[in-house]
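Here are some friendly notes to read alongside the model. Take them in order, with the structure open beside you.

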Amino acid sequence: MTDELVGTLTDNELIQGYMDGNIECFDLLLSRYQAKVYGYILSVVKDKDIADDIFQDTFFKVVA
């Protein structure tokens, strides 16, 4: 799957692609939502180190 094609896929298509073994799909999903999710976590906990840990744990659980 080319980078150009991956960039045009919906979130559901990217999730399916990742479930089918395409790591690029997860990378794109992460890049789409990383700033928003991290920003939200940081606004709640108001501590960068804790926000970093929660963010990492969140995406680890998504992958697992």
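1. Let us start at one residue. Phenylalanine 60 is exposed, with a relative accessible area of 60%; here buried means under 20%, exposed over 50%, and partly exposed in between, using a 1.4 Å probe and protein chains only. Phenylalanine 60 belongs to helix 4, residues 48-63. Its C-alpha atom is separated by 13 Å from that of glutamine 34, 26 residues away along the chain.

2. A word on the basis of these notes. This is a predicted model, in which local features need pLDDT of at least 70 and side-chain atom pairs count only at pLDDT 80 or more, while totals for chains, interfaces and linings use all residues. Residues are numbered from 1 along each chain as its sequence is written, and side-chain values use heavy atoms, leaving out hydrogens and water.

3. Now the overall fold. The chain has four helices and zero strands, giving the pattern α-α-α-α along the sequence; helices (H or I, at least four residues) and strands (E, at least two) are DSSP runs numbered from the N terminus. The C-alpha atoms fill a box of roughly 40 × 20 × 15 Å along the principal axes. Of the 64 residues, 20% are buried.

4. Next, the charges. The chain carries 5 positive and 12 negative side chains, with the centres of the two sets 10 Å apart. Lys and Arg count as positive and Asp and Glu as negative, without His and the chain ends; each charge is placed at NZ of Lys, CZ of Arg, CG of Asp or CD of Glu.

5. How many salt bridges does the count come to? There are two, a salt bridge being a side-chain nitrogen of Lys or Arg within 4 Å of a carboxyl oxygen of Asp or Glu. Arginine 32 pairs with aspartate 11, their closest N and O atoms being 2.6 Å apart. Arginine 32 is partly exposed at 29% relative accessibility, and aspartate 11 is partly exposed at 25%.

6. The other pair to look at is lysine 48 with aspartate 52, where the closest N and O atoms are 3.2 Å apart. These residues are four apart in helix 4, so about one helical turn separates them. Lysine 48 is exposed at 54% relative accessibility, whereas aspartate 52 is partly exposed at 27%.
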